[in-house]
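Me: I would like to check a few labels against their cut-offs. Please show the model.

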Amino acid sequence: MHREYRLAEAQLTGACNAGDLPFETTEDLQSLEGIIGQKRGADALTFGLKIKKRGYNIYVAGTSGVGKNNYTGSITGQFAAKLPIPYDWVYVYNFKNNDRPKALCFEPGMGRHFKNDIEGMVEKLKKTVPEAFGRIEYETKKNEMFKVFHQERQEIVQELNEKSKALGFMFTTTDKGIMTMPLKEGRPMSQKEYGELSKEEINEIMEKSGRLNVETFDMMKKVRELEEQFAEDIKQLERDVVYDIVNQDINKLCKKYGDRKPNTEYINDLEKDIMDNVDYFKSKEKSPADPGEKIQFMGITMFQGQDFFNRYNVNLFVDNNELRHAPVIKESNPTFNNILGTIEYKSYMGMLKTDFMQIKPGALHLANGGFLILQMRGILNNPVAWEVLKRALVTEEISIENLSRQMGYLVPSTIKPETIPLNIKVILIGDHYTYSILYNYDDEFRELFKVMADFDTEMDRDSENVYKIAQFIATHCKKEGLKHFDRVAVSKVVEYSSRLAGDQHKLSSRFNRIVEILYEADLWAGEDGSDIIREKHIQKAIEEKIYRNNKYEEKLKEMFLDGSLLIDLDGKKVGQINGLAVISTGEYSFGKPTRITASTYSGESGIINIEREANQSGRIHDKGVLILSGYLGEKYARFQPLGLTVSIGFEQSYSFIEGDSASSTELYAILSGISEVPIKQHIAVTGSVNQKGEIQPIGGVNEKIEGFFEVCKLNGLSGKQGVMIPKQNIKNLMLKKEIIDAVKSDKFHIYAVGHVDEGIEILTDMEAGTPDEAGVYPDNTINGLIMRKLEEMAYIKKENKLIRKIDDIVSDMRGKEKQI
């Protein structure tokens, strides 16, 4: 009966014919290149990588396991291989402002040479400069200059002495310069003699000394000028000696690295600083301390003496010497410091100190000139990092800052490195929900990430993609050392992929789930002693995976078997039907039959949703129930009020219910309750319904059918049991072989319907009924019985209203009689 709605076994799955596969085992296949079935996402990603305009960074969207991470890394690597290696970057001491270290860039690999050349030159100077000052040439020139100076000074001293003798003084040269001494009897007065002088004698000497100072002022000035000139000449001699040594190296540096103005400026500043600090190079002993290193202590910036020569070090900040093309950086922990870089501090006697050598690069520096791949979830867990990333993309430069300062906290002063220009393509990998939130609520995100590469969870099941699945398996066998698959095993993997996709004409793009089966089948093949993975090993892997996760399902089966959960699998009942729900326990989902009952009676409350009243249902479920009111009203209450109250509920359901996939099931129970025609209990029903009575597709159809089949199997298959589904879900059927065999042998049945009238006929073995021109349904039909029942309820309702009205009139008249 109702064979036109029953599905044949061929419709219950999308079998993959192993004979159509052009190989014996996956060993015959070449490795897969690229990605399978993601043309839209791959094209968008390629477009985003090609375009060089500002703001065309990329957001790769897709659920976990669709291959977006691996493919993004692979295709980005291919593009990076065609791009040049970016510049090296170094930070150096700023001789004009030591708070602002300078950033210099060099051709790839030259940063290391620059560091070695600068630091090597300074080390060489620390040896050659003292040697130069120890040579006889330098000493000869210095002595000659000293002789000339000494002779000129002595001439002036003699002239001074000639004037001073008349006043009783003489001039003499000491280490501290020219000094005057009082005379006694033509010789310098001793300290003892000076102490024995009377006050009058001392005053006289002081008065003569003052006169002498006035008379010799011009000559003493000439002496000072002579000494200053001598010191300058000595200094110039030293500079000339050092210059002869340094200039040769400086010229080499300018020739080698002077292709950029900032580099030349630094080299010139370096030369000037060396020339200004010759004294530090003259001695081979430890150099004097230099107040150049900042120290932070209790919020106060202090300076600590350090090795003077640290200023000549070079911080090789970004070294691209090992790269062969543009960089591709995957930052797995995108914190503020890991993205932007940091300024580290060293502990020194309980205080913190830093300098330009403590500046460390972040992912933006390392990926500069190439590509930076970030996980969206990771960077949103670090909101400050997200903000500085956007700022860097907007300003197109990288500015290293203190995190505490960025957070607005009061922090000690520190160095501020020069910014570095940014040329980068950022690729964010996340899900669709995050993309939607950011696109709608973050204006900067819209402007900076203009390309969205959308990776789907499914693809068409055509011969090309099936063959690529086989290549995908072959690639993993070679890469991971798995046993190869024969073509029958490959066909079962294809069918499993369609089951994951929930569509006979689709394949799942969630390759992580497929890879799990490959690994596990390899294990079971090894346990079986087979060198080839065959169909039974695939089946074993699938069964074992289910077994590891279906404890809750088995517990529910036990409750059905011992009667704790009530269900009827035979006979007919009025206002009672078996619905189907899907329960998810994480990785595993399964179907569970649920008894739905409807109580109908005369009234005006309409449909009472018990789950809603108990706050155990979601909005979609509530909407589905409200749609039932629309269907009943349009079909049965066009010419008279419905006059009906229906109470409907899921029996033994104590958890939250969501979804409208049981709305048709509830409607069938309501129609049975109104018409008082019993429903077959051996047929479970699933499907959504609209206000016109059309059955709409639902999700989880395979799990629902298999769940009801398992419960039926526990109680014994009667040959009458089955499931009724929306006809649109036929293409989604990928059922287990056990169910297909049961359908083939008429032990189980699956019906597909498109309208409520079709479903009620299957459930009651009674025609639904078609109205005549006057809109009247035949008496021996479901709809006819419902109309008669509703008319009876309406009549009863009118009678009750009339009786109440008469009672009110009589009561009113009696009240008036009493008043009279």
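Reply: Contact means heavy atoms within 4.5 Å. Helices (H or I, at least four residues) and strands (E, at least two) are DSSP runs, numbered from the N terminus. This is a predicted model, where local features need pLDDT of at least 70, side-chain atom pairs count only at pLDDT 80 or more, and totals for chains, interfaces and linings use all residues. Residues are numbered from 1 along each chain as its sequence is written, and side-chain values use heavy atoms, with hydrogens and water left out.

Me: Which residues of helix 18 and helix 19 meet?
Reply: Val-493, Tyr-496, Ser-497 and Leu-500 in helix 18 meet Arg-513, Ile-514, Ile-517 and Leu-518 in helix 19.

Me: Why is Cys-105 called buried?
Reply: Buried means under 20% relative accessible area, exposed over 50%, partly exposed in between (1.4 Å probe, protein chains only). Cys-105 has a relative accessible area of 13%, so the term buried applies.

Me: What makes strand 2 and strand 3 a pair?
Reply: Two strands pair if DSSP finds at least two bridges between them. Strand 2 (residues 88–92) and strand 3 are joined by 5 bridges, so they pair, and they run antiparallel. Val-90 stands opposite Leu-104 in strand 3.
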